[in-house]
Amino acid sequence: SAPARALGVSISPLSPMLGAEVRGFDVRKATDAATHQWIVGLLDKFQMVVFRDQSLLPDELTAFARRFGPLQPHILDQFHLPGNPEIYILSNLKEDGRPIGNANDGITWHTDLTGDEHALVYTILYSLEVPTSGGDTLFASTQRAWDALPAERKRELLGKRAIHSYEQLYNSRRRMLDEAGIPNDYQPLTEEQISRYRRDGFIAL
């Protein structure tokens, strides 16, 4: 694309279904409106975008994230990064016998916080240390899944109520959920909701 050429970056699709990899771009430079809109355009087109070779301090990560709107701290606040509560730590490491992050998250297919009144549009995952094999994060396109349904099946589903349930997803974490006071949420499936979820995107750094 013309913006990519102007920025001197390369963009490579990751699969026919979704995802793209961007190389040669430092997200800390995404401070002007035109560059931000270029990133939003990538998310609209590919749904999930990986920006390779980033090196960000916590404040730089939150500054980049705020370009997309108000940040929403995770409801399990015991794993917030000290000094940056908008950053939620995922880790299987321990310090002084205590976990530094949540090692039991993302264990099933999910979309973050869909049951909230102000549902998230984007999620950003910044990886500091990953295993050489295993521990992969998998992605699927719910847009493609919906579009592939026969029209009759779509009509059957519209108007049904969807249950957004932490209890169902994380029953093994019952104590943490009770302490956080997270109720189940029931929402009707409507064309408006489907259109809103089409704007959802995922950024990996």
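Which residue in β2 is the bridge partner of Pro 13? The partner is Ala 20. The model discussed here is predicted.

**The nonpolar core**

The largest nonpolar core has 22 residues. Those with the most contacts inside this core are Val 22, Phe 25, Trp 38, Ile 39, Val 49, Phe 51 and Phe 68. Two or more residues come from each of β2, α2 (33-46), β3 (48-51) and α3 (58-66). Helix α2 gives the most, with six residues. In soluble globular proteins, nonpolar side chains tend to be buried together.

**A residue of helix α3**

Helix α3 also holds Thr 62. Is this residue buried or exposed? Thr 62 counts as buried because its relative accessible area is 5%, where the cut-off is under 20%. Leaving aside residues up to four places away in sequence, Thr 62 touches Leu 71, Asn 84, Glu 86 and Ile 87.

**The chain as a whole**

The secondary structure comes to eight helices and eleven strands. The table gives further values for the chain.

| Property of the chain | Value |
|---|---|
| Residues that count as buried, of 205 residues | 34% |
| Contacts joining residues at least 24 apart, among those between residues at least 6 apart in sequence | 66% |
| Accessible surface | about 13300 Å² |
| Part of the accessible surface belonging to carbon and sulfur atoms | 52% |

Terms used: Residues numbered from 1 in each chain as written. Predicted model: local features only at pLDDT ≥ 70, side-chain atom pairs only at ≥ 80, totals over all residues. Heavy atoms only, no water. Pairing = 2+ DSSP bridges. Helix = DSSP H or I, 4+ residues; strand = E, 2+ residues; numbered from the N terminus. Core = buried A, V, L, I, M, F, W, Y, C linked by side-chain atoms within 4.5 Å. Buried < 20%, exposed > 50% of the residue type's maximum accessible area, 1.4 Å probe, protein only. Contact = heavy atoms within 4.5 Å. Areas by Shrake-Rupley, 256 points an atom, 1.4 Å probe, with all protein chains shown as cover.
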